[in-house]
Amino acid sequence: MSYPTRTGQYMRPTSSPPTPTNFSFSVPIPPPTRSPPTSSRAQLPKTKPPFSKHPAFDNPEADLILRTADKVPFRVFRRILIESSDIFRDLFSIPPPPSSPSTASSSDGPAVPVLDIPEPARLMNDFLLCIYPLPSPRYTSIEELVPMFDLARKYASQHVVDLLRSQLVSPEIMRKTVALRVYALACKEDLEYEKRIAAAACLEIDIDKAALYMEALWPEELKNWSALDLTRLIRLRDTRFELAAELVRGLEGKGVCTVGTCRHDFQADYFPEFQEAALLELRKCPTSKVVFSHTFVTSCLNKTAASCFSCAREYLATSGMILSHLKRRIDMLPDNVLEVGRASEER
Ligand SMILES: [Zn+2]
């Protein structure tokens, strides 16, 4: 379909934040339609489910048509856009250019202005779902969130940012995503609470390896956030390691194997083995997650020359309290990346 158009270019006030490009008002208006065009479907990546526009955006009573890059018309209400986006608010606070046909009419009823926007229909559909009184889209991967954050920032919509940020650190996304990617996005978007949550999760992974992994697979996500945020994360990890190492080095265990005539001394044998292995692990991940797991503790025992088959069981029975006390103290070590930053700024 094509329509003869007249176009009035819109110039945004220079004082406003990020500028959506290629805005133009155009007329005449395509007649209202209840069925979304199918042209957008062919252009979508095969991995994504078919896109379908929400029926709310075919409302014939709408007072504006947003026409996306893939030429899908969204019939919307300006008031909702104005209340949700600083960019749309600025845009509509200015009278339309003289050539604008906002008062024009046709045999189909009052004319509705068309605003061309450079976004694809799929993204705009989600953006509009976020700002309309409709169920918001739910995201299950960070790949879906990245372009939506870009869009929210571009259209200066705090409302959409707030919806997205709550999903960024959702249990599902945190479980499925390398924590450093979540931290990177939280830093890029300057979301303090989410930075803190993601940084604490990063303590449970090998950050150096994760960074290499990101560089290989998602290099774009390493851009647009500050080196300061990365050094703070590294400092948090290293500071926490030093504190944890101090606790581990101070570990003193008493006990001997009481099975039969074994009398194996744990203090002399197993504790040094555990300490050495724990320090190596804590250097990478300074949390209690790995070093107090049953697998880790027993693997240390297996590396020492057990005097009898019951030594491991006896060791765990006698040193269980000591280890759980140590675990509690490590769990209480600072994990707030925002505090690390503030502490250095106060110096
Ligand atoms: Zn024994």
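Modeller: Helices (H or I, at least four residues) and strands (E, at least two) are DSSP runs, numbered from the N terminus. The model is predicted, and local features need pLDDT of at least 70, side-chain atom pairs count only at pLDDT 80 or more, and totals for chains, interfaces and linings use all residues. Residues are numbered from 1 along each chain as its sequence is written.

By this naming the chain has 16 helices and seven strands. The part I take is strand β3 with its partners. Two strands pair if DSSP finds at least two bridges between them. β3 (64–67) and β4 (73–76) run antiparallel and are joined by four bridges. Within this pair, L66 stands opposite F74 of β4. The two strands form a hairpin with five residues between them.

K71 is in the loop between these strands. K71 has a positive phi of about 65°, although it is not a glycine. For exposure, a residue is buried if 20 or more other C-beta atoms lie within 10 Å of its own, exposed if 12 or fewer, and partly exposed in between, with C-beta atoms placed from the backbone. K71 counts as partly exposed because it has 14 C-beta neighbours inside 10 Å.

Now the rest of the chain. A156 also has a positive phi, of about 50°, and is not a glycine. A156 lies in the loop between α5 (142–154) and α6 (158–168). With 19 C-beta neighbours inside 10 Å, A156 counts as partly exposed.

Helix α4 (residues 121–131) has nine of its eleven residues buried, so it is largely enclosed by the rest of the structure. Among the buried residues of α4 are M124, F127, L128 and I131.

K284 lies in helix α12 (residues 270–284). K284 has 16 C-beta neighbours inside 10 Å and therefore counts as partly exposed. K284 and E204 are 80 residues apart in sequence, yet their C-alpha atoms are 8.3 Å apart in space.

Two totals complete the picture. Of the 347 residues of the chain, 30% count as buried. Two residues are in contact if their C-beta atoms, placed from the backbone, lie within 7 Å. Among contacts between residues at least 6 apart in sequence, 69% join residues at least 24 apart.
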